[in-house]
Amino acid sequence: MEISYASSSSRDFSSFDQAPSGSMPATGRPVKVIPLQHPTTSSSSPSPSTVSRWRAKLNRMTWTEWIELFLPCYRWIRTYKWHDYFQLDLMAGVAVGIMLVPQSMSYAKLAGLQPIYGLYSGSVPIFVYAIFGSSRQLAIGPVALVSLLVSNALGKIADSSDDLYTELAILLALMVGILECIMGLLRLGWIIRFISHSVISGFTTASAIVIALSQVKYFVGYDIERSSEIIPLVKSIISGADQFLWPPFVMGSVMLAILLVMKHLGKTRKYLRFLRAAGPLTAVVLGTTFVKIFNPSSITLVGDIPQGLPTFSIPKEFAYVKSLIPTAILITSVAILESVGIAKALAAKNGYELDSNQELFGLGVANICGSFFSSYPTTGSFSRSAVNNESGAKTGLSGIVMGIIMCCALLFLTPLFEYIPQCALAAIVISAVIGLVDYNEAIFLWRVDKKDFLLWTITCATTLFFGIEIGVLVGVGVSLGFVIHESANPHVAVLGRLPGTTIYRNVQQYPEGYTYNGIVIVRIDAPIYFANTSYIKDRLREFELEVDNSTKRGPDVERVYFVIIEMAPVTYIDSSAVQALKDLHQEYKSRDIQTAIANPNREVLLTLARSGVVELIGKEWFFVRVHDAVQVCLQHVQSSKETPKASEALSDDKPSFIQRLLAQRAEGFSTEQLESGERQSPIAKDKDPQLEPLLSRRS
């Protein structure tokens, strides 16, 4: 069905009504327009809610899907290919397990805990995650960033040598696990999307620098102040320079150099990638061997480590829960952004899907169960997950192998661990966090988006100089500020018609596009709500006044008669925006300007109908396409033109651009020649009434 519009001599635009399809008006030419289907408020059916969709999905689930929902490991267990997968999983599990043993002790020292608690954190949580986690390559356990957060939070409450400190670390694991489970069950992982990648990159870069400086004390041989700010750390290192000991410095530097070389070789050469996993173990073995042979008195050792598996115990000191809530939230945020991020990347690389909320639930259960076996907060590790994937891990069985190796270490190897030099463990931490200093990201952001670079710089600087909590708060605050600014100042574009088409695009992006005299076509590229209505109204007024006559075509008129608003990108409109649209229409009407709406989506159109905007503007001024609106508006502008010159330009005796285009194409001319106007061709004699005229450029 089509609607025919005809030009009229009247300037009262509200008097134009729709004529029957195919009718020929007495004056002017017919314009064929696709009718817009207006939904009625009484017959419209509401969109299904999230609860309804979930209920329908649950009703369709089979018993296998129910098992997979509660036990994600069942997905790979029921399809496990022993002949193809077992050897790969075994090798990957052994490689990462060997890497995890020294790393877990190093990260426990970073957290201010005894090394044994790092070993505990690398045992039970791994087994639990293999059952409830949905990623098949993610390697969880103690990590440097979480260890720094634990040390920073608990260092303000208790001394690291006190039993209270250890109890609070275990309690923190329980709180983090509960929070992760709640967010996973309520599917609230989307909340962290508001924290941009620039904030995370700046935060991790600053944290890596702080972590590396905090380990310097094991290199220089004297204590330095414990702090998450760079200035106190540097001052403490400089002030104690007179106590410097060269044996631990030389040994630590040699260990660090060995680790970095092995790490580099493992990354750059595929046939040597086992060196990346073997690096931490090599440092520990070499350091322990040196101490056993030469027994240097100036190098501090790990000391006695209890032998045996962790025993079941309930976390204590619940009186400190309130003071630990901010740290628990921060650690959970890191788990979502880092662990879930790398888990989804590895899942995509290995060809299976991963639900981020279910992954978050698996991490939560692992932390809860770990807290009952003396574990402090754990999460996914970038380095170990990368090694696990590179080693060919196919399923969660590799994680079980890691846990078995950790248990064997607890049962049989702890007597050897007491001879490990602390500078060797510090070198392991420093070599691991060097990769977190993401200067390449800063260079990329500077080249691509200065605003994101500013956000990265602010987050990194505030974290370095004011501490972790302040850095995160400032970074998140500035990030949300940018989001609010972009939302309150959406992009509004002036549209022009591309030559030879009925397509309208942003004239700044497509300078060859042209507009029409007397008509302003704009597109709002965002939902319209209370925060951006004022800005949008101001921009529309500016577009009405700022007229570029160099790209204008059509009738020779001196002012704007129509404002066409394309609403295709507008997915939502609220009551404030509705009122603003009413005010704008009344303002235009007082200046004899008609508003037209093109291509609103169903929900937006329904809101406009319920609020009376459709009746106020007029149903005949709502269109499916921008071009339909332009055709109708051109008819009315032509009837209101002020000079006879425009009338001659639009005479039916003069061939339209489309007619010339068809004639030229019939002669075989190229598209470039036709649009550039380099060739001339005879005028087509037969005129198709369905063709939509393209008005000639104003002379």
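Biologist: What volume does the largest cavity have?

Modeller: The largest cavity has a volume of about 130 Å³, and please keep in mind as we go that this is a predicted model.

Biologist: And how many cavities of 30 Å³ or more are there?

Modeller: The count comes to five cavities of 30 Å³ or more. As background, rolling a probe the size of a water molecule over the atoms shows where empty space is left.

Biologist: Back to the largest cavity, then: which residues lie nearest its centre?

Modeller: Those lying nearest its centre are Met99, Lys263, Arg276, Pro280 and Ser431, and they belong to a lining of 13 residues. Sorted by class, that lining has seven nonpolar residues, four polar ones and two charged ones.

Biologist: Which helices each supply at least two residues of that lining?

Modeller: Helix H4 (82–110), helix H12 (246–268), helix H13 (274–294) and helix H18 (422–434) each supply at least two residues of the lining of the largest cavity. The largest share comes from H13, which gives four residues.

Biologist: Is Asn295 buried or exposed?

Modeller: Asn295 counts as exposed because its relative accessible area is 58%, and the cut-off for exposed is over 50%.

Biologist: What about Arg187, what is its phi?

Modeller: Arg187 has a positive phi of about 55 degrees, although it is not a glycine. Arg187 lies in the loop between helix H8 (163–185) and helix H9 (197–214). With a relative accessibility of 31%, Arg187 counts as partly exposed, because that class lies between the cut-offs of 20% and 50%.

Biologist: You mentioned H9, so what about Ser207: buried or exposed?

Modeller: Ser207, which is found in helix H9, is buried, because its relative accessible area is 1% and buried means under 20%.

Biologist: Which residues is Ser207 in contact with, leaving aside its neighbours within four places in sequence?

Modeller: With those neighbours left aside, Ser207 is in contact with Leu145, Leu148 and Thr463.

Note on methods:
Residues are numbered from 1 along each chain as its sequence is written. This is a predicted model: local features need pLDDT of at least 70, side-chain atom pairs count only at pLDDT 80 or more; totals for chains, interfaces and linings use all residues. Side-chain values use heavy atoms; hydrogens and water are left out. On a 1 Å grid over the protein atoms alone, a cavity is a set of points where a 1.4 Å probe fits but cannot get out, and a pocket is an open set with protein on both sides within 12 Å along at least five of seven lines; lining residues have an atom within 4 Å of a point. Grid points are joined across faces, edges and corners, and a volume is the space filled by probe spheres set on the points. Ala, Val, Leu, Ile, Met, Phe, Trp, Tyr, Cys and Pro count as nonpolar, Asp, Glu, Lys and Arg as charged, and the others, Gly among them, as polar. Buried means under 20% relative accessible area, exposed over 50%, partly exposed in between (1.4 Å probe, protein chains only). Contact means heavy atoms within 4.5 Å.
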